[in-house]
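Student: Can we go through the packing in this one? I'd like to start with a pair of helices and then move on to rings and cores.
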Amino acid sequence: MSLRQMEYFVTVVEETSFTRAAELLHVTQPALSHQIKALEKSVGGELLERMPRGVRLTPMGRAYLPHARLGVRSALQARRAARAAAGAEGGELHIASVHSVAVGVLPEAFARWRRTHPGVRLLLHEYATTEALEESLERGAADLAVGPPPQHGDGPVVPVGEEEIALVVAFDDPLAGRSSVRLEELADHAWVRCAMEPVIDGRPFLDLVCERAGFTPRTVVRTEHTSTAVRMAAAGVGVVAVPTHVVRGGIGEDCVLLSVDPAWKRALTVFSRVEPAGAAAAFTELLRRSAPYGTGNISPMRPNADRDCPAEVVR
């Protein structure tokens, strides 16, 4: 079997049609069909069931597909890594990240990158959870991942900064005049929870810390994205725990950031399957020089209110 045959097979599966796959691959349909049959001969059985309208996987095809996808993605990643190692010029760099980091950290980093490396195109892959982020990197979907330290894998991990987790409340909340708050003071508040909330030892972060503070958080809304949760807090729906850089990025509206006493912080890292080289190494260093991302001087002010007073707003 060959890499080309695996690529053809994956494309046919994704398009569910030999005709559409042939158009996408810029080959004739008979040539595509011949390559698929040669692949099936090499693996010892049919991978696809030809239907009057489209195709579907056989049991053997279902078993073969994830490995074929990994092989194709790994080949693409190897090609990108080789080109990037030639001097961080030309080609493209695939970066994976959780949504909160993509919103709060990467825009400024991407802007600096475009000024210093205009010949390297950046492609961003966003994920809702750290588990999905790590899985995508393992599949070869990206060259680098940016997020909390990975729980699995044995590739290189480079610390590039620190996230501070703070609390977002509406501007008219009774606690809005404070600069910090102890968690137990929020026992009677309603909470907005996000699917991207960190999981510690198999438990959602907020459940764990609130239990230690002597109460169970009263969850009134669950959202998929951090940015949505911040908007809910701004509207007065409930309290949200969120990385400060998300609000600094301009998502909050008429809301207040409260530092938690004692402070909540977690490391921000760049990790990959292989040692970063070329463009990947250059981007890692750019991000490392941009740290830290959290702030220990949170003031209870509207994040969008007055950008001419950087000492008083969340940056």
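Student: Which residues in helix 2 meet helix 3?
Tutor: This is a predicted model. In it, helix 2 contributes Phe18, Thr19, Ala21, Ala22 and Leu25, and these meet Gln29, Leu32, Ser33 and Ile36 of helix 3.

Student: How many charged residues are in that contact?
Tutor: There are no charged residues; the contact of helix 2 with helix 3 has 6 nonpolar and 3 polar ones.

Student: And at what angle do helix 2 and helix 3 pack?
Tutor: About 105 degrees, with the axes of helix 2 (residues 18-25) and helix 3 (residues 29-43) 9 Å apart. Angles of 65 to 115 degrees count as roughly perpendicular, so that is the term for helix 2 and helix 3.

Student: Rings next. How many aromatic pairs are there in the whole structure?
Tutor: The search finds 4 aromatic pairs. In one of them, Phe9 and Tyr64 have ring centres 5.4 Å apart and planes at 65 degrees.

Student: Why is the pair of Phe9 and Tyr64 called edge-to-face?
Tutor: The planes of Phe9 and Tyr64 are at 65 degrees, and an angle over 60 counts as edge-to-face.

Student: Where in the chain do Phe9 and Tyr64 sit?
Tutor: Phe9 is in helix 1 (residues 3-15) and Tyr64 in helix 4 (residues 59-84), so the pair links parts of the chain 55 residues apart. Both Phe9 and Tyr64 are buried.

Student: What about Phe205 and Trp264?
Tutor: Phe205 and Trp264 are also an edge-to-face pair, at 5.0 Å centre to centre and 85 degrees between the planes. Phe205 belongs to helix 8 (residues 205-212) and Trp264 to strand 14 (residues 264-271), 59 residues apart.

Student: Are Phe205 and Trp264 buried or exposed?
Tutor: Both Phe205 and Trp264 are buried.

Student: Which residues form an aromatic cluster?
Tutor: Phe110, Trp113 and Phe283 form one. Phe283 also turns up in the largest nonpolar core, which has 30 residues.

Student: Which members of that core touch the most others?
Tutor: Leu93, Leu106, Val146, Phe283 and Leu287.

Student: Which element gives the largest share of this core?
Tutor: Helix 11, with 5 residues. Other elements that each supply at least two residues include strand 3 (92-98), helix 6 (106-116), strand 5 (144-147) and strand 14.

Student: What lies apart from that core?
Tutor: Another core, of 20 residues, with Tyr8, Val12, Val13 and Leu65 among them.

Note on methods: Residues numbered from 1 in each chain as written. Predicted model: local features only at pLDDT ≥ 70, side-chain atom pairs only at ≥ 80, totals over all residues. Heavy atoms only, no water. Phe/Tyr/Trp six-rings, centres within 6.5 Å; stacked < 30°, edge-to-face > 60°. Helix = DSSP H or I, 4+ residues; strand = E, 2+ residues; numbered from the N terminus. Buried < 20%, exposed > 50% of the residue type's maximum accessible area, 1.4 Å probe, protein only. Core = buried A, V, L, I, M, F, W, Y, C linked by side-chain atoms within 4.5 Å. Axes fitted to C-alpha atoms, helices over the stretch in contact; angles between N-to-C directions. Parallel < 35°, antiparallel > 145°, perpendicular 65-115°, else oblique. Contact = heavy atoms within 4.5 Å. Nonpolar A, V, L, I, M, F, W, Y, C, P; charged D, E, K, R; others polar.
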